[in-house]
Amino acid sequence: MAKKKFNCECPRCRGTMSCGRDTRVFETVWGNCHECGFEYHTTASLLSLEEINRIRKKAKKEPLLKRREPQISWTSRFTGKGSS
Ligand SMILES: [Zn+2]
């Protein structure tokens, strides 16, 4: 699907929102209302090793000693933006 922009209805005031969705790299969505200012967007960050291991424990997986390194394609795409 890649990048797509469309109008949608605001859940807060039922006004018109500009909304978007992008499936390149990973699924992201965003929207902003032309009437009341309600807005949302996907955020992304990295979990700490402790947080990853808490999730792994719930999933009955062995704890990690270190986080997996990113793929080359990820590193080249985000180099310099702090998303290691
Ligand atoms: Zn609104």
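Colleague: Which residue is the bridge partner of Cys8 in S2?
Modeller: Met17 is the bridge partner of Cys8 in S2. Bear in mind that this is a predicted model: local features need pLDDT of at least 70, side-chain atom pairs count only at pLDDT 80 or more, and totals for chains, interfaces and linings use all residues. Residues are numbered from 1 along each chain as its sequence is written.

Colleague: How many bridges join S1 to S2?
Modeller: Seven, and the two strands run antiparallel. S2 covers residues 16-22. Strands here are DSSP runs of E with at least two residues, helices are runs of H or I with at least four, and both are numbered from the N terminus. Two strands pair if DSSP finds at least two bridges between them.

Colleague: Where is the positive phi in that hairpin?
Modeller: At Arg14, with phi near 65°. The hairpin of S1 and S2 has six residues between the strands.

Colleague: What is the strand order in the sheet?
Modeller: S1-S2-S3-S4, four strands in an open sheet with antiparallel pairing. S1 (3-9) and S4 (39-41) stand at the edges with a single partner strand each, so one side of each has no neighbour in the sheet. Neighbouring strands are turned by 15° against each other on average, direction ignored. For that angle, axes are lines fitted to C-alpha atoms, for helices over the stretch in contact, and angles run from 0 to 180 degrees between N-to-C directions.

Colleague: S1 next. How many of its seven residues are buried?
Modeller: Zero, so S1 lies largely in the open. Buried means 20 or more other C-beta atoms within 10 Å of the residue's own, exposed means 12 or fewer, and partly exposed is in between, with C-beta atoms placed from the backbone.

Colleague: And the other end of the sheet, how many bridges between S3 and S4?
Modeller: Three, in the antiparallel sense. S3 is residues 28-33. Trp30 stands opposite His41 in S4.

Colleague: Switching topic. What elements does the chain have?
Modeller: Two helices and four strands. From the N terminus they run β-β-β-β-α-α. The radius of gyration is 18 Å, well over the 12 Å that the globule rule gives for 84 residues, so the chain is more spread out than a compact globule. That radius is taken over C-alpha atoms, and the rule is 2.2 Å times the number of residues to the power 0.38.

Colleague: What box do the C-alpha atoms fill?
Modeller: Roughly 50 × 30 × 25 Å, taken along the principal axes. Buried residues make up 2% of the 84 residues.

Colleague: Which domains does the assignment give?
Modeller: Domain 1 (1-44) and domain 2 (46-79). The bounds come from an automatic or database domain assignment. The C-alpha centres of the two domains lie 28 Å apart.

Colleague: Where is Pro70?
Modeller: In the loop between helix H1 (49-58) and helix H2 (72-78). Pro70 has 14 C-beta neighbours inside 10 Å and therefore counts as partly exposed.

Colleague: What separates Pro70 from Tyr40?
Modeller: 27 Å between their C-alpha atoms, with 30 residues along the chain. For Gly31 and Ala59, 28 residues apart along the chain, the C-alpha separation is 33 Å.
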